[in-house]
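Please keep the sequence and the 3D view at hand while reading.

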Amino acid sequence: MSEDYRSMWQNLGLDLVAHDALLGVLGKFYQDIYLTQQNRPEGMGYFDFVMSEVHGLRIKELLDEKKAGRKIIGSYCVFVPEEIVLAGNATMVGLCAGADFAMEEVEKILPRNTCALIKSTFGFKLGKVCPYLEASDMIVGENTCDGKKKAYESLGPLVSNLYVMDIPQVKSGQGRALLKAEYQRFKQAVEKLTGVAIDAAHLKQAIETVNSKRQAIHRLSKLRQADPAPISGLDALLANQVFFYDNPLRFTDSVNKICDELEKRVAEKKGVSPARTPRILMSGCPMAVPNWKLPWIVETSGAVIVGEESCVGERGTRNLVNASGRTVDELMDAIVDRYFQVDCAIITPNPDRLNHVEEMVKAYKADGVIHYGLQFCQPYLMEAIPVAKALEDKKIPTLRIETDYSMEDVGQLKTRVEAFIEMLK
Ligand code: BJ8
């Protein structure tokens, strides 16, 4: 890493020793998991570059944007609408983290039995290793699961710029009205932060930008319906993860380039693995960078992942915002309509999610579903039981996995995953 980056990280208040250690582990992990894969599309070179510069060039770009007067807004959830952020002349970045860090410090603030995703968020803050968090002018939390809701109360005193959004938990008329009111309040908060009054033209443009980004990912997903699968689940997951960090226009172009390449592969019936390799749909908690453990286990056990029913995946990216409205009010309503369909497990009851899992099994011709729940994540672990039962009733083999970010259970998970895949053959 260049000296420029070191002074940049220092100016952001990072702990350089701890940060070096994190980048060292991340680099090794990426090398072992990603760069050892066979038959990767050439277009993945772009994502390799993004990952090699994830705390370097991208942070520099964000800091340059800040110098030019733009604001950076960090988010932990797909309920936070990027359209409003972009329309207010700000850039949105994802802050969820997928690795354990500074756990001793974290457990002084949070109970031990908190999910790894929340603990990791705190570890990255307390360990001073996340340049995205430190570069953010506003950090948006949301009242979703109980763990996050209460954790933001403890995060507030650690940062100077936390904004908390309320999210409905029931899909009723009142639920929609709450989401609309909260998006209006968020719009005002963004306007106050940036000094920009959001108008219809900019909101429309922002909607189109985010729609294009989602459409590129939809195109990628559709190509994964082919047998043999033209891209590994690990590589597709990486594209879904980078969705939250990259410049939206460049991301859209890069994903579309990979799709051009994959279209040729599909036409030539070339895949990352032979035809009729067991096809897995992953479903459950989101997987933030560098949480690649389970997909890596699955894809080194003789199967290929063909879809993710996850917020870092199709739950987060499906459905577009209708951009035809002419007024700010009409466009805001269209944004509410789109996000109100997100079927996170915090919603009760939540039949849409089960329907979506079943739709995905059919569309991606999955042979089985692996339900991924983070330990101590009540919403997804609770939902996993009826979801698995409903799938089994329809003769769709399902494996429920409960894990965390540590590597201690790799051997045990591999044994279970291999037995499951064997059964699918
Ligand atoms: S819309 S899934 S991104 S809340 S794993 S912190 S649920 S205890 S992440 Fe999420 Fe928004 Fe929902 Fe999606 Fe809680 Fe579970 Fe932890 Fe979780």
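The shell around the ligand is made up of 14 nonpolar residues, one polar residue and two charged residues. Of these 17 residues around the ligand, C77, C115, C145, C344 and C377 come nearest. The model is a predicted one, and the points below should be read with that in mind.

**Cavities**

- Across the whole structure, the search finds four cavities of 30 Å³ or more, and the largest cavity holds about 80 Å³ of space.
- The lining of the largest cavity consists of 13 residues, and M282, C285, M287, E308 and S310 are the ones that lie nearest its centre.
- Two or more residues of that lining are given by each of α12 (233-242), β5 (279-284) and β6 (304-309), with the largest share, three residues, coming from β5.
- By class, the lining of the largest cavity divides into seven nonpolar, four polar and two charged residues.

**The second largest pocket**

- The second largest pocket has a volume of about 440 Å³, and among the 26 residues that line it, L22, G98, A99, F124 and P290 are closest to its centre.
- Helix α2 (residues 16-33) supplies the largest share of this pocket's lining, namely four residues.
- The lining of the second largest pocket comprises 20 nonpolar, four polar and two charged residues.

**Nonpolar cores and buried elements**

- The largest nonpolar core has 135 residues, of which Y183, F186, W292 and V298 touch the most other members, and the largest share of this core, nine residues, comes from helix α11 (residues 200-223).
- Once its neighbours within four places in sequence are left aside, F186 is in contact with V80, P81, I84, V85, M138, V140, Y163 and M165.
- A second, separate core of 14 residues includes A229, L281, M360 and A366.
- V255, which lies in helix α13 (residues 248-267), counts as buried because its relative accessibility is 2%, under the 20% cut-off.
- Leaving aside neighbours within four places in sequence, V255 is in contact with F47, A216, I217 and L220, whereas V255 and K192, which are 63 residues apart in sequence, are 34 Å apart in space from C-alpha to C-alpha.

**Backbone details**

- The peptide bond from V289 to P290 is cis, with omega near 0 degrees; P290 is found in the loop between β5 and α14 (293-299), and P290 is also one of the residues closest to the centre of the second largest pocket.
- Another cis peptide bond joins T348 and P349, with omega about -20 degrees, and P349 sits in the loop between α16 (328-339) and α17 (351-363).
- Although A102 is not a glycine, it has a positive phi of about 50 degrees; A102 is placed in the loop between β2 (90-94) and α6 (103-109) and is partly exposed, with a relative accessible area of 25%.
- K395, likewise not a glycine, has a positive phi of about 65 degrees; K395 is found in the loop between α18 (378-393) and β8 (398-403) and counts as exposed because its relative accessibility is 73%, over the 50% cut-off.

Methods:
Residues are numbered from 1 along each chain as its sequence is written. This is a predicted model: local features need pLDDT of at least 70, side-chain atom pairs count only at pLDDT 80 or more; totals for chains, interfaces and linings use all residues. Side-chain values use heavy atoms; hydrogens and water are left out. On a 1 Å grid over the protein atoms alone, a cavity is a set of points where a 1.4 Å probe fits but cannot get out, and a pocket is an open set with protein on both sides within 12 Å along at least five of seven lines; lining residues have an atom within 4 Å of a point. Grid points are joined across faces, edges and corners, and a volume is the space filled by probe spheres set on the points. Ala, Val, Leu, Ile, Met, Phe, Trp, Tyr, Cys and Pro count as nonpolar, Asp, Glu, Lys and Arg as charged, and the others, Gly among them, as polar. A residue is near a molecule or strand if one of its heavy atoms lies within 4 Å of it. A nonpolar core is a set of buried Ala, Val, Leu, Ile, Met, Phe, Trp, Tyr and Cys residues joined through side-chain atoms within 4.5 Å. Buried means under 20% relative accessible area, exposed over 50%, partly exposed in between (1.4 Å probe, protein chains only). Contact means heavy atoms within 4.5 Å.
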